[in-house]
Amino acid sequence: MNRIDKCFGELKAQGKKALVTFITAGDPDMDTTVKTALEMFDKGADIIELGVPFSDPIAEGVTIQKSSLRSLKGGTTLDKIFAAVDEIRKETDKPLILMMYLNTIFVYGTDKFFSLCKEKGVDGVIVPDMPYEEREEILPAAQKYGVHNINLVSPASHDRIKRIAADSDGFLYCVSSNGVTGVRSEFKTDFDEFFGLIKENAKCPCCVGFGISSPEQAKKMSAYCDGVIVGSAIVRIMEANGVNSPKAVGEFVKSLKDAME
């Protein structure tokens, strides 16, 4: 069984919601990435997304854009990220996801990439610049190696929500608001309507992300779905603390998890 499926199954049995956290791999360096990921797992993260830096991360707001550029300037490569996954896997069997852009997979080699995902212990990928209608570009290889391709839906998906929700594995990434990633003080989406349509059609768990930045928001949003995703708020902490980030990030992650429980 894929670790993502196992994780959600265990959480459901306990009546709990998933906390999914994001950091950009290689920012400020790969050693800090490994230490921070392990600290997040220790302090309550259920699933971690490692962001693969890209030169034009179109789904990202300024905070993650800057972290991606810092990582690239530091020499981060996909091979180095897989090596970091090796180090994380020495300490934990919890789910790991790569959030990345399609061209990175193509350049690396689609079959080679998903083969290494299976070998190293990457359980899923999120590819925000790949439209659902073009998923066949990678889906056969992902399924061949048992890696979940995580679909996204947003309030702008409209009539497509039903189709995407009904044809998703691992979990459905529900984008809270139209636009890019980044901390938000308020949300204008009608979540009862948005998640009502999703829940009528989804065959897998649903998690909401883009803008959740406080324990209070995490608690509120977790009432709508099976989990919450927090990224930019954590990347901000990484930017402020550099190599000293693990402790500060761990404390923030614990506050999120405590609020959700």
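**Salt bridges along the chain**

Guide: Asp93 forms a salt bridge with Arg3, and their closest N and O atoms are 2.8 Å apart; the term stands for a side-chain nitrogen of Lys or Arg within 4 Å of a carboxyl oxygen of Asp or Glu. This pair links distant parts of the chain, 90 residues apart, with Asp93 in the loop between helix H4 (78-89) and strand S3 (96-99) and Arg3 in helix H1. Helices (H or I, at least four residues) and strands (E, at least two) are DSSP runs, numbered from the N terminus. Please keep in mind that this is a predicted model, in which local features need pLDDT of at least 70 and side-chain atom pairs count only at pLDDT 80 or more, while totals for chains, interfaces and linings use all residues. Residues are numbered from 1 along each chain as its sequence is written, and side-chain values use heavy atoms, with hydrogens and water left out.

Visitor: How many salt bridges are there by this rule, and which residues are linked with Arg3 in a network?

Guide: The count comes to 21 salt bridges, and one network of them links Arg3 with Arg89, Asp93 and Asp123.

Visitor: Which residues form salt bridges with Glu133?

Guide: Glu133 forms a salt bridge with Arg160, where the closest N and O atoms are 2.8 Å apart. Because Glu133 lies in the loop between strand S4 (124-126) and helix H7 (139-144) while Arg160 lies in helix H8, this pair ties together parts that are 27 residues apart in sequence. Arg163 also forms a salt bridge with Glu133, with the closest N and O atoms 2.9 Å apart, and this second pair again links H8 to the loop between S4 and H7, across 30 residues.

Visitor: Is Glu133 buried, partly exposed or exposed?

Guide: Such labels follow relative accessible area, with buried meaning under 20%, exposed over 50% and partly exposed in between (1.4 Å probe, protein chains only). Glu133 has a value of 41% and is therefore partly exposed; Arg160, at 28%, counts as partly exposed, and Arg163, at 41%, is partly exposed as well.

Visitor: Which residues of helix H9 are buried, and why do they lie on the same side of H9?

Guide: An α-helix has 3.6 residues a turn, so residues three or four places apart point the same way. In H9 (residues 191-201), the buried residues are Phe191, Phe194, Phe195 and Ile198. They lie on the same side of H9 because they cover an arc of only 80° around the axis, the arc being that of the directions from the helix axis to the C-beta atoms. The face turned away from this buried side carries the exposed residues Asp192, Glu193 and Glu200.

Visitor: What covers the buried residues of H9?

Guide: With contact taken as heavy atoms within 4.5 Å, the cover includes strand S6 (152-153), helix H8 (160-166), strand S7 (172-175), strand S8 (206-209) and helix H10 (215-222).

Visitor: What is the volume of the second largest pocket, and which residues lie nearest its centre?

Guide: The second largest pocket has a volume of about 300 Å³, and among its 14 lining residues Cys7, Glu10, Asp46, Lys94 and Pro95 lie nearest the centre. Helix H1 (residues 3-14) gives the largest share of this lining, 6 residues.

Visitor: Where is a cis peptide bond found?

Guide: A cis peptide bond joins Asp27 and Pro28, with omega about 5°, and Pro28 is found in the loop between S1 and helix H2 (30-42).

Note on methods. On a 1 Å grid over the protein atoms alone, a cavity is a set of points where a 1.4 Å probe fits but cannot get out, and a pocket is an open set with protein on both sides within 12 Å along at least five of seven lines; lining residues have an atom within 4 Å of a point. Grid points are joined across faces, edges and corners, and a volume is the space filled by probe spheres set on the points.
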